[in-house]
Each structure stands twice: as structure tokens, then as C-alpha cells.
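User: I've got a chain open on my screen and some labels I'd like to understand. Can you walk me through them?

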Amino acid sequence: VQLQASGGGTVQAGGSLRLSCTGSGRPFGRYVMGWFRQRPGSGREFVAARHSNGDFTYYGDSVAGRFIISRDNGDNAVYLQMNSLKPDDAAVYYCAASSVRITTRQAVGFPGKYDFWGRGTLVTVSS
């Protein structure tokens, strides 16, 4: 699976952005799809993930209530709608796919459970 994230950019605090991740190589339908982010000097932070058939959706504590993950298995795409953006949301955002059967919040939020990663897209939030 090859993943490509897009949609990053610069936005003012309080604004919104929508990230997209499209994939090729294999149908998305069998994977857990997730979004992570990374700030300079920090590890990858879990943002959101969704099971292929919608059995579960999880969010990181810092984005719950503001971000929404959705996916379109037919189009091999996953999206991250980011609302009420804060300066702390500025980071490089990565989409990822996991072929492992993971269902718990702890597992889904662990970067090591994901097999495939896209190149990141940079989000900058100005105050």
C-alpha cells in the first residue's frame, strides 16, 4: 500500500483544514486507517483512527471534539477534518494503515502497529 497525504497548509487559529490521504496498491477496506502528527523534536502523536467498516473510531485526547476522521473505502481514501485549530496543532501530519487486527484504543494509538505510512503534510497554525 502506498499512501499520500495532502491538504496541509497555513491557517489562522480557530480555522479549519481538511487533510486527505489516498492510497494505491491494495484496497483500503481491510485496514485500520489512522492519522498521526509529529512536531519537531517529538515522537509521533496519535490523532485519530477508524476501522474499515466503522466498528470503531478513536481520537487523541487533544483533538477529540474538534477533529473528525472519515473514510471512503471505495475511493481508497481517508480524511481528517480539523476544526477550531490551535497553534499546538501545528505539526507534520501522517496517514497510516495497519493490516494487524487491532481494536483497542491503546493498540490503535501505537505507531508501531501500522505497516504503511505516507509522506507527511505540514500544518501551520498562526496565532
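User: How many salt bridges does a search of the whole structure find?

Analyst: The search finds 4 salt bridges. Before we go on, this is a predicted model: local features need pLDDT of at least 70, side-chain atom pairs count only at pLDDT 80 or more, and totals for chains, interfaces and linings use all residues. Residues are numbered from 1 along each chain as its sequence is written, and side-chain values use heavy atoms, with hydrogens and water left out.

User: Why is the Arg 37 and Asp 89 pair called a salt bridge?

Analyst: The term asks for a side-chain nitrogen of Lys or Arg within 4 Å of a carboxyl oxygen of Asp or Glu.

User: How do you know whether Arg 37 and Asp 89 are buried or exposed?

Analyst: Buried means under 20% relative accessible area, exposed over 50%, and partly exposed in between (1.4 Å probe, protein chains only). Arg 37 has 2% and Asp 89 also has 2%, so both count as buried.

User: And what does Asp 89 do with Arg 66?

Analyst: Their side chains meet in another salt bridge, at 2.7 Å, N to O. Arg 66 sits in the loop between strand S6 (57-59) and strand S7 (67-72), 23 residues from Asp 89. With a relative accessible area of 11%, Arg 66 is buried as well.

User: Why are Arg 39 and Glu 45 called partly exposed?

Analyst: Arg 39 has 28% and Glu 45 has 24%, so both fall in the in-between class. These two side chains form a salt bridge too, at 3.1 Å, N to O.

User: What makes a group of residues a nonpolar core?

Analyst: It's a set of buried Ala, Val, Leu, Ile, Met, Phe, Trp, Tyr and Cys residues joined through side-chain atoms within 4.5 Å. The largest one here has 26 residues, and those with the most contacts inside it include Leu 3, Trp 35 and Tyr 93. S9 gives the most to this core, with 4 residues. Apart from it lies another core of 10 residues, among them Val 32, Phe 36, Ile 102 and Ala 107.

Methods
Helices (H or I, at least four residues) and strands (E, at least two) are DSSP runs, numbered from the N terminus.
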